[in-house]
Amino acid sequence: MSDFDWTEAREELEIWERSAKDNLVKEIIAEAYDGAADWSCKSFWDSIWFASTQVLNGLEVQVVIDAKDNLHISSGTAGYVDFKVDPVGMKLPIVCWIHTHPFGSAYFSGTDIGTVSIWEPLMHNAVVLGGRGHYGVWDNKNPNQLNIYKDYRFQRTQRWSSEEE
């Protein structure tokens, strides 16, 4: 009888598969950004949404565009994303932080509000993607609100007070 450990092999395969998918996500997003006019290009956002929902099957993705126009990309779980290690070489200020809510709703969660509140002095813009044409846009000129769009049309404004931060 063989002493081959199928459980360990399956775990190694899952790690390899996730790494390969993360690399593909970075490639798709970087290529779309190279063809985009800037961070606000909807086709760029669509590539991030595609990576989150199709390549990673519903896991959150975040893209940080730094002051040197470099992309810093990471993926997380179905409901949370961060950088597992600090992004090497990221230059402040942050031009834009884009992240997905792959469950299909564009709004700022309490965690998102906390993030933009902390980074407000060093971050110009943020976007949350809840689907193609469904997104929220934040800027540090109006730091306590998120303008939400559905089918590329303004839908409503989400507001919060400084106490919620």
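Predicted model: local features only at pLDDT ≥ 70, side-chain atom pairs only at ≥ 80, totals over all residues.
The largest nonpolar core has 23 residues. Ile 29, Phe 44, Val 63 and Ile 98 have the most contacts inside it. Helix H1 (6-34), helix H2 (42-55), strand E1 (61-65), E3 and E4 each supply at least two residues of this core. H2 gives the largest share, 6 residues. Now take Ile 98 on its own. Leaving aside neighbours within four places in sequence, Ile 98 is in contact with Trp 39, Phe 44, Trp 45, Ile 48, Val 61, Gln 62, Val 63, Ile 65, Val 127 and Leu 129. Another core, of 14 residues, lies apart from the largest one. Val 64, Phe 108, Val 116 and Trp 160 are among its members. In soluble globular proteins, nonpolar side chains tend to be buried together.

Next, the rings. The whole structure holds 9 aromatic pairs. Phe 4 and Trp 6 form one that is edge-to-face, at 4.6 Å centre to centre and 70 degrees between the planes. Phe 4 is partly exposed, with a relative accessible area of 47%. Trp 6 is exposed, at 62%. Phe 108 and Trp 160 form a tilted pair, at 5.8 Å and 45 degrees. This pair links distant parts of the chain: Phe 108 sits in the loop between E3 and H3, Trp 160 in the segment after E7, 52 residues apart. Both Phe 108 and Trp 160 are buried. Elsewhere, ring pairs link Trp 45, Tyr 135, Tyr 149, Tyr 152 and Phe 154 into a cluster.

Of its 23 lining residues, Gln 62, Val 81, Asp 82, Trp 97 and Thr 115 are the closest to its centre. E1, E3 and H3 each supply at least two residues of this lining, and H3 gives the largest share, 4 residues. The lining divides into 12 nonpolar, 7 polar and 4 charged residues.

The second largest pocket has a volume of about 230 Å³. Its lining includes Arg 18, Asp 22, Lys 26, Ile 73 and Phe 83. H1 and strand E2 (71-75) are the elements that give two or more residues to it. H1 gives the most, with 5 residues. This lining divides into 5 nonpolar, 3 polar and 4 charged residues.

Conventions. Residues numbered from 1 in each chain as written. Heavy atoms only, no water. Phe/Tyr/Trp six-rings, centres within 6.5 Å; stacked < 30°, edge-to-face > 60°. Buried < 20%, exposed > 50% of the residue type's maximum accessible area, 1.4 Å probe, protein only. Core = buried A, V, L, I, M, F, W, Y, C linked by side-chain atoms within 4.5 Å. Contact = heavy atoms within 4.5 Å. 1 Å grid on protein atoms, 1.4 Å probe; cavity = no way out; pocket = protein on both sides within 12 Å on 5 of 7 lines; lining within 4 Å. Nonpolar A, V, L, I, M, F, W, Y, C, P; charged D, E, K, R; others polar. Points joined across faces, edges and corners; volume = space filled by probe spheres on them.
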